[in-house]
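Subject: Structure handover

Hi,

Here is the structure for you to take over. My notes on it follow below.

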Amino acid sequence: MRISTSSVFDGASARLTNLQAKMDRIAQQVSTGRKILNPSDDPVAAARSLETQQSASINDQFAKNRLGVKNTLSITEGTMGSIVDTLQSVHEQIINAGNGVLSDEDRSYIANALQGQLDQLVSLANATDGAGNYVFAGHLNDSPPYTTVVDADTGAKTIQYNGDEGQRWVQVDTERKMPVNFVGDQLFPKYPQGQADGKDMFKELQETIKLLQTPGVSSADRQLQLSNAGKSFDRTLQAVNDQRSMVGVHLQQLDSLDSVGSDRANNYAQTLAALQDLDYNQALSDLSRQQLALQAAQKSFQQTSSLSLFNYIN
């Protein structure tokens, strides 16, 4: 069998090209830190990597959602705390107003203090989440839930709720959603409960202020109104505390979900590292062996290609 010079040359050239390609691939792995450069390198590992990356991305989005919800609920919880403080001040004024030795002027001063606290309550009820969304307006969160309406005929002022009963929910984990707003009527319930003509804390305060500003009101009428205001205070304080407790529970749950999400993120990172990350010690060792093999093949090819029949003729 005859082997032509061109066949020897082509075979050696192909081997050199193959060795160079292997060395280049290892060098690229070292530079990128990845052992899978193309899906065809390891189709199974590439598919698992893609699936893990997608799961990690969803987990990261849940973490961002939780952060947003946590910020909103923290603002809401702080606002509810301020409402409780203001209600406590209202209660003190209501108790003071029941003192039988007070004069009409004294009660007028108390009425002015109550008016300031009423204004504060309305302001707190119209609180936003920092992004311009009203947290106590239900779904109608782009406008203040509480406004003052003036009767054109009598001039009487009424504070009315303009929101609805809806809640906005945010996905904070695979199977967990959480509300990011509350309904004003849940904080300031009307009595009788659910009736359109019922009185809430705002209306009771307005009537109490008006009564305290009116001279000559009988003690019986005054005590009746103060009693009604006290009952409204009790209902409102209970409602606010109930909602505030719910917010606290949600914040605790978010902390727990953050812990689970963090563990999940670490697991995803470890899985991706096992699938993708390069073993540098092994890769550098392989690179060194490939370089030696390539150098030996190049030297052999150089020696072989320079040979001639005349080298063997004496």
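In which sense do strands β3 and β4 pair, and over how many bridges? The pairing is antiparallel, over four bridges. Strand β3 covers residues 169-173 and strand β4 covers residues 176-179. A hairpin of two residues joins β3 to β4. Trp169 sits opposite Pro179 in β4. Please keep in mind that this is a predicted model.

Next, the largest pocket. Its space comes to about 420 Å³. The lining has 15 residues, and the closest to the pocket centre are Ala156, Lys157, Thr158, Gln206 and Glu207. By residue class, the lining splits into five nonpolar, five polar and five charged.

Then the core. The largest nonpolar core holds 46 residues. Which of its members touch the most others? They are Leu73, Ile83, Leu87, Tyr146, Phe188 and Phe202. Two or more residues of this core come from each of α2 (43-97), α3, β2, α5 and α6 (219-276).

Setting aside neighbours within four places in sequence, Phe188 is in contact with Ile83, Ala125, Tyr146, Asp200, Met201, Phe202 and Thr236. Among these partners, Ile83, Tyr146 and Phe202 are also on the list of core members that touch the most others.

Best wishes

Note on methods:
Residues numbered from 1 in each chain as written. Predicted model: local features only at pLDDT ≥ 70, side-chain atom pairs only at ≥ 80, totals over all residues. Heavy atoms only, no water. Pairing = 2+ DSSP bridges. 1 Å grid on protein atoms, 1.4 Å probe; cavity = no way out; pocket = protein on both sides within 12 Å on 5 of 7 lines; lining within 4 Å. Points joined across faces, edges and corners; volume = space filled by probe spheres on them. Nonpolar A, V, L, I, M, F, W, Y, C, P; charged D, E, K, R; others polar. Core = buried A, V, L, I, M, F, W, Y, C linked by side-chain atoms within 4.5 Å. Buried < 20%, exposed > 50% of the residue type's maximum accessible area, 1.4 Å probe, protein only. Contact = heavy atoms within 4.5 Å.
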